[in-house]
Every structure is written in structure tokens, then in C-alpha cells.
Amino acid sequence: MSSKPYILLVEDNPDDVELTRRAFAKNHIANEVVVLTDGAQALEFLFDADRHGRSLPQVILLDLKLPKISGLEVLERIRANDATCLIPTVILTSSKQDEDLLAGYRLGVNSYVRKPVDFNEFVEAVRQVGLYWLVLNEAPPAAATGGMS
Amino acid sequence: MADDSVLRPDLALVLERITDGFFALDAQWRISYMNAEARKLLHAREDVLGVYWLDAFPKARGRLFEREYTRAMRDQRPVQFVEYSQTANRWFEVKAYPSLDGLSVYFRDVTARIEAQQEVERTARRQQALIDFGRTALSGGHLDALLSDAVDLVREALDASVIEVYDYEPQNACFALRYAAGWATGAAMEREFPALEHLRHAVESGEPFVSSDIRIESRARSLAPLAALGVLSCICVPIGSAREPLGAIVAFHPKPRTVSAVDVRFVEALAQTIAEAARTSESNRRIAQVLESIRDAFVAVGRDERITYVNARMAAFWGGEPVDFIGRPLAHFTEKFEDGGYGAARFRESLREDRPLTFEMPFRERWFEVRLYPYSDGVAAYVRDITRRKNEQQRMIALNVELERRVAERTKQLELANKELESFSYSVSHDLRAPLRAIDGFSQALVEDYAEALGDGGRGYLDRVRKAAQRMADLIDALLGLAKVARASIEMRPLDVTEIVREVAADLHDGDPCRDVEIEIETGMRASGEPGLVHAVFANLMGNAWKFTRLAERPKIRVGRTPEGEFFVADNGAGFDMAYSNKLFGAFQRLHAADDYEGTGIGLATVARIVHRHGGSVRADGAVGSGATFYFTLPAAKERVGLDEQQTVHPAG
């Protein structure tokens, strides 16, 4: 399997996908970004043993308002599954509603980041998320996640 | 025969000595011997011997003496009897022994014994009569019937020829003849009542007045003329006491005589019973008057469950006169109640447990309240028509049910509205910001990637696009905040308001360190409220003051309380025109151009909503160029209770 670390972006809004890619590029984050546009696709991808020859993502950026299966449910299912439960997952969303924050942390999200409207601020937020989860943060040992090699 | 008539001397001696009377008759009923005692008792003549006995004692003819002696001789068997001798005016006990040649008769005077016996019997009869009379009086019969009984008793006991009963009328101290018996027809009518001195004596002293001969009665001259009507002695007994005289009873006798103490006491006893009956009758009459006058229906039932009294109102309800119902069984009426025996059972319960009871029952499409009061002889029931009250009650109950239904319905609607508002807020929060981000992001991308093609003008427009997008994002956040205040449930807590104000002041200074604004804070301010929301109130008001004093020469903000207890935030900034003060607290209302002072126009709306949700009020005071003051109230500090339930349950309201 390919061991090249990549980012999984679960986001249904193509504008946000484009802006996020642009923000990564501006921050010189060269990791591949795999984009899935609804919760069902995301779960199918993550729970698929083959995964088109890929390993598990290094970090998941998860929108909350997703078609078919909501971001919170995706999070819950990831955390309930032995193979995926340790993947660092960041909620990246427009909402800063209290109930969303609470639910996210209850379900074991690693970070909750609100997408700022101001693109410069957005770029800065993406920079920090990328820097932290892709560079600073030590990922859990591969054996524990049952698939990363 | 002559030989037979002479007794042997020794025998004669014996017969003379015995204390009994003795005489002997020969076969021809002639007296052959009579001892001294017999001669004395019978007042016999000296020459009675040899005289036919009925010639010697003619008054014995036809009486027991003759009948019994004849029977003794006929049957030749001894006889014994007691008879009153009119010859001697004494009672004799007689024993007569017949033989073929005559009859021996022994007798003795038993007058004392017989009279004593008769006295005992008469006393017993009178006592029985008094007891019967008292019982009649107690049974509550009519007073006139009772008086009639009394008159018969007096006449019989005293052997009186005339009886009168008078009423005494205290208003004019006059007597009125109520009852008279024994006068020759019309005699009573001719008499003059005011001059009845004998009655006055008795009534005024409270003691019987006795005159043994009215012809020579010096105490009551009014009596003497009555002698012409055939009466010569009288007894006059008062009814009632000297203090409260009710009348008198008078008995006349055709002969002069002294009435015995026993007789006087007998009449007195009757008079006392009559007085009690009269008083009872009077008090019953008064009670009846009361019971007739009360507006409730009244019925009394005896222990035998028969009706003993109904007032006119009750009788009218049952369709009749009171007399139609007295004595009839209660069941006769209760069985019409159609209450499954409930009413009758309550009557019995009250009687059995000797305890007052109240119950309500429907009857003939009306409602009645029945109050039962047990007493020694039965149960008294007051019945009141409560149809109006009951209808009112039921109307109230129906109204309440309807009201509760409406409240429940409204609550449900509010809950639904609240849910919709929540999902609306959620949707706004998630969906409205994404396009703004795209507008801003791609504007920036254009500036970065196509700067030359755009030129200065193009870049300037894109800058405006981006500012507008940012501003809209702020508005959305402010709106969401306002919605949050509406939905939040408020838990009252004691607050150190001065401390909150200090925190807000510190934040303002920290956020804008370039400005020098004097903030004066009153110490010791306290209140009750939700800490976060009260903080937001001061943050908004003081933030506004901070903002609008930007152009002031020496900017100053004062926070404190009025003497009435209102909190205020005052500044010496731009102020506002009072003409628009009613627009201050509406959402998105601004009194200043956006270019002059930044802001979303949501702040004061949020303040007003928070204050209202605390049960307080808010107002503003100001003038253009001379600053603004905002006043608001919060619950006092000692009140630790939460807001009422409705506000907590229906935050959207």
C-alpha cells in the first residue's frame, strides 16, 4: 500500500473545497488532499479494506453539514470502529453553535475550527491546522490504527 | 221462742264485754239481743229488742246488710262483708253466722282503715292523673286541649261545680276568660272581668287564693255577687310565677268549705304543668316563626324516620301545606330523589353517627345543598337551592378546562415555533456564511492572481465586495446571538454587578488601548440575574458609550444606580435625537450612518431582550451632542427565585 501521508477532506461545497486547496497551496502544504463530498462516501472509503490501494489518512478535515450522513454521525462511526478510531479528526465548519461544539467534543473530535469568512483569516486557520496535524503532532503508532504501515 | 231469746247469763256477760258490736235476730228477723257496743255504734233505742230489724234500722234496706243476711239464712252459711252504714255514718266490717232459729251478727268500725285506704287510692289516682297530664303536655298537643283535660281533672278531684281558666295579659294587666265550665248558660257573660280581685291576689303573690265562704270574703269583694250564681267557696291558683304570670285557674264549690292542702297542691301541680306547656308552646311558636321566615327549606325528621316538622317553604316545594307532611315517612320523599338512595343514606348516617353532614344533590333539574344537624330526637335538615352557584361553578370548571386546553395548544404551538426557530438558526449558522466565504475568498483570489488585469479600480471594487461580505457575516453572528438570548433559559443568581462592570471596562480598555476614556463605576451594586446575559447587557451599553464618545473632548462613561434603583450607563458622547428614541431598541435600527460609527444595529435589541427576559424594563435619555444615558432594571439581589415557569419553558415567547 501507498504509505504517502494524505489529507482527507469531507466537504460538499465545491467553493469551500477550492478555497481550502488554495489555502493549502498558499501555505506550501504539499500533501495530497483526497476530497469526498458526502458522509456516506467518507464512511465507505474509510471502512473499505482496499481503499483503492491507499492507507488511512493522516488527518481528516470534516464538515458538519453533509449530504446523506451528517458530519457528526461520520465522526461517531469513525470513533466506534477499531480501525479508524485513532485517526486525528478536525471539524472544519461554518457553525460555531454551542450544540455543535459540544456534540463534536463529546464524540471525541481532536479539534474544532470555524471557517472564517475573511479569506486571509481562513488561510491562516488552514496554515495552523496543517502545521499542527501534519508536522508538529505525532501520529499514533501504526499498529494501533490497524492499517497504517 | 221467748226462751230462745234469752241468753244464758254467763254468755251475755261475755258478749257485753267484747269490743265488737253484736246483735242477734230470731227466725222472724226480730232483734233478740244487742250488746252495748252495738247499741252505741248504731245509736239504737232502749226498746229495740223484739223489733223487726229493718224497722229498727230502715236505712239498711236494699243494701249489702239486707242482701247478705238474707243469703246467709237462705244458704245457712256464714257471710262476711264491709259496707258503709248510713245509720251510723261509719264503715263496718260485718260477720254473720246463721242458725235454724236465727242470725248472730258481729261488726266493728273500720272507718279509719277504709278512709285511709280510700285516701291512698285517691292520691295514687291523682298522681297518675298528674303524670298522664304531664305526658299529654309534653307531647306538644294544642294548649286548649290540655286546658280542657285540666278542667276535667280539677272538677273531679275537688268535686267542683264551676271551673274557669283565665289568660293574663301583661301589656294592660288584664284578665281574659279563656275557658269556663259549669255556669248556668250565659252566667259567665254577665260578669265583669277587670274587678277580679281574687285572681289579682293569686297572680300578684304567685300563691293560691282560697276563700271558704265568698259571702263573707273581705279580701275580694268581687266574689260576693257570685253567691247569687250558686257558688259559695272557691280556690284560685295562678298559672306561671309572680314574676311571669300567664293566667289563673279557678274552681268553685256550691257549699262553704275549706279546701284541703292536698287538693290545693294538686291544682298547683296542674297549673305548673300548664305553665310549662304554655311556655314551650310559645317558644315553639317563636321557633316555628323563625323556621317559617328563613329562606331555606327546613324539615325535621324523628328517629323513626318520620317527618316531625316542615316549614312552609319546604311544604310549598313538595306541593302542599306543612300539615300535609307531618308524620309521613321521610322515605316517601327521598325515594323520589333518583339519587340511588344517597340522600336517605346521608340522613341515616347523620342520625347514627350523631354528626352534622352536608351534601349536594341534583333534583328536578336543580341543585340543592342539604345540611343535616342531628339532635336528641332526630335530624334537622336545611335545604338550599344552589342551582345558580352550581351552574356558576360548572361554568368555571368548563372555562378552566377550555383555558387549559388552549394553554396546552398554545404551548405546543410555541414549542413548534421554537423548534423551527432553532433549526432556522442552525441553518443560518451553517449555510449563510459559506457563500460569503466564497465571495470573500474568490475576490481575494482575483486580487492575487489577476491584479494587473483588474487595475486599481477593480481592486477597489473587490475590496468593497469583501468588506460587504465581512459585514454580512458580522450581522449573521449578531442575529444568532439575539436568537440565543431569546431561547436561553434564565437561572437567577445573585450578582456582583460592580464586578461585572469592572470586567467590561477592563475589556474595553484592553481592546482599544489607544483611547483614554474615563470610566466611573459605582461600588456595591448588586442584583439577581443570569451572569452571562447581564454581562452582555453592560458590554453592549458600555461598548456603545465607548464607541460614541470617540469624538468627545474628554470622553467619560458613568455606570451606577438611580435613587429609584435603576441601573444606568451614561456617556458624554454623540447622543441621539429623542424623537427617534422609540427606534433605539429594535433590531437593525441605527441612528447613525454606518460610516460614522461601526455596529450591527443588534446590540440594543439584544439589551432590551435580555432585560425583558429578566422581568425588567429599559429606556434611554439623550440629546444630539450631549451624550446618552440608558436606564434599565434587574430583579433585586435578595430574590433568589427563578423566573416564572412559563418564561423558562417557552423561551421564544
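These legends walk through a few close-up views of a predicted model.

**View 1. Chain A, from one end of the sequence to the other.** Here we've got six helices and five strands in chain A. Follow the sequence along and the order reads β-α-β-α-β-α-β-α-β-α-α. Of its 149 residues, 34% count as buried. Take the contacts in chain A with a separation of 6 or more: 72% of them come from residues 24 or more positions apart.

**View 2. Where chain A meets chain B.** On the chain A side, 16 residues are in contact with 15 residues of chain B. The most comes from α1(A), with four residues. Sort that side of chain A by class and you get five nonpolar, five polar and six charged residues.

**View 3. Helix α7 of chain B, end to end.** This helix covers residues 143-158, 16 residues in total. Its first and last C-alpha atoms are 22 Å apart, close to the 22 Å expected at 1.5 Å a residue. Just past the end of α7(B) sits B:Asp159, with a positive phi of about 55°.

**View 4. The buried residues of α7(B) and what covers them.** Which residues of α7(B) are buried? They are B:Leu146, B:Leu147, B:Ala150, B:Val151, B:Leu153, B:Val154 and B:Leu158. The cover over them includes two helices of chain B, α6 (111-138) and α9 (261-293). Strands β6 (162-169), β7 (174-181) and β10 (245-253) of chain B are also part of that cover.

Note on methods. Residues numbered from 1 in each chain as written. Chains lettered and ligands numbered in written order. Predicted model: local features only at pLDDT ≥ 70, side-chain atom pairs only at ≥ 80, totals over all residues. Expected span 1.5 Å × (residues − 1). Buried ≥ 20, exposed ≤ 12 C-beta atoms within 10 Å, placed from the backbone. Contact = placed C-beta atoms within 7 Å. Nonpolar A, V, L, I, M, F, W, Y, C, P; charged D, E, K, R; others polar.
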